[in-house]
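Please go through the points below with the model open beside you.

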Amino acid sequence: MTNTLPRRIAGLLLCLALLALAVLLSLAVGARAIPFATVVDALWHSDGSPEAVIVTTQRVPRTVLGLLIGMALGLAGAVMQALTRNPLADPGLLGVNSGAAAAVVSAISFFGITTASGYVWFAFAGAAAATVVVYLLGGGGKGPGGPVRLALAGTSIGAVLVAYTYGVQMLDAKALDQFRFWIVGGLSGRDQSVLLDVLPFLVVGIVIALLLSRPLNALSLGEDTGRALGVNLAGTRLASAATVTLLCGAATAAAGPFAFIGLAVPHAARALIGADLRWVLPYAMLLAPVLLLGADVVGRVVISPSELEAGIVTALIGAPVLIALVRRRQVVPL
């Protein structure tokens with residue numbers, strides 16, 4: 001036990017180093033490779049050269065957006081799994097992804113919107129509306145509400161919204177053509193305006209998620225124990241659901257759905273440092289952007305000069321890593 005804290009701190013520093021490497025690669029690698037020294041020079045004093053323009057106007061916004069989205073999805077997944085006490089839960093369980101998808105396909109088909117910056121507010125509104133409906137349905141009815149009722153409500157609403165999304169696509173070929181580029185999830189084509197639109201929601205959500213570690217830890221011991229420790233159960237669940245909506249709604253609105261990150265990264269974090277959310281949340285916050293930015297970098301080079309969207313590469317890279325982790329280590333219970 002005496003060595004646990006130093007090991008956890010050392011692991012956190014290692015995660016920070018991996019994240020710094022992923023950020024640097026994201027700034028340097030692409031259709032036009034730029035030396036690391038030139039990247040650093042462009043960041044400190046841009047001289048107007050083509051390389052400096054590429055770094056400052058294209059790759060910095062894309063990298064910052066990927067960094068924040070990765071943090072958001074990692075934290076949202078860890079909070080969602082702790083809230084529902086379900087290791088298979090991901091942010092989509094509250095209907096966030098399906099709500100955003102339904103709103104985006106409606107925006108394309110009924111309002112003719114075809115740009116990423118135009119999708120943002122529709123996707124965010126759809127994600128928020130779906131979560132509110134799921135929370136109201138999951139918390140109502142006879143008997144006490146709880147994580148199982150919340151999960152069932154989310155699954156049901158998600159199925160309805162998916163059916164609606166498919167129906168609109170089947171009736172509108174143009175919507176299908178535009179929607180398929182958004183639904184795979186990716187960072188390409190997202191400029192600074194998209195980043196600025198969702199930045200306040202991501203920052204606020206990240207801060208609240210980190211503050212929820214102690215009440216969620218108490219809740220993981222059971223409702224009676226959590227209540228005895230002074231935790232406001234209803235308040236903690238409401239704050240957790242609102243945080244997941246902020247984080248995953250903003251991330252999905254900006255770049256489309258990345259379903260795998262919110263599911264896999266919390267598992268990897270628990271496999272490394274146990275189930276204590278005071279550590280799981282920071283680890284997930286650092287490891288998720290490593291996976292997302294790494295996938296984005298790989299997607300830029302594997303079929304160069306074209307790009308493979310990060311949403312596809314994330315699952316292709318992350319799935320074998322997760323399988324290797326759970327085969328080598330015992331799955332840590334929530």
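1. H3 crosses H8 in a left-handed way (the near helix is turned anticlockwise from the far one by less than a right angle). Helix H3 covers residues 50-84 and helix H8 residues 192-211; their axes are 10 Å apart, at an angle of about 35 degrees. Axes are lines fitted to C-alpha atoms over the stretch in contact, and angles run from 0 to 180 degrees between N-to-C directions. Helices are DSSP runs (H or I, at least four residues), numbered from the N terminus.

2. The model is predicted: local features need pLDDT of at least 70, side-chain atom pairs count only at pLDDT 80 or more, and totals for chains, interfaces and linings use all residues. Residues are numbered from 1 along each chain as its sequence is written, and side-chain values use heavy atoms, without hydrogens and water.

3. Which residues make the contact between H3 and H8? Among them are Leu65, Leu68 and Leu75 of H3, and Leu195, Leu199 and Leu202 of H8 (contact means heavy atoms within 4.5 Å). The residues of this contact comprise 16 nonpolar, one polar and no charged. Nonpolar means Ala, Val, Leu, Ile, Met, Phe, Trp, Tyr, Cys and Pro; charged means Asp, Glu, Lys and Arg; the others, Gly among them, are polar.

4. An unreviewed UniProt entry annotates "transmembrane region" at several spans, including 194-212 and 280-302; such annotations may be inferred rather than shown by experiment. Residues 194-212 are 95% helix and 0% strand, with end C-alpha atoms 27 Å apart. For residues 280-302 the figures are 96% helix, 0% strand and 32 Å.

Notes:
Helix = DSSP H or I, 4+ residues; strand = E, 2+ residues; numbered from the N terminus.
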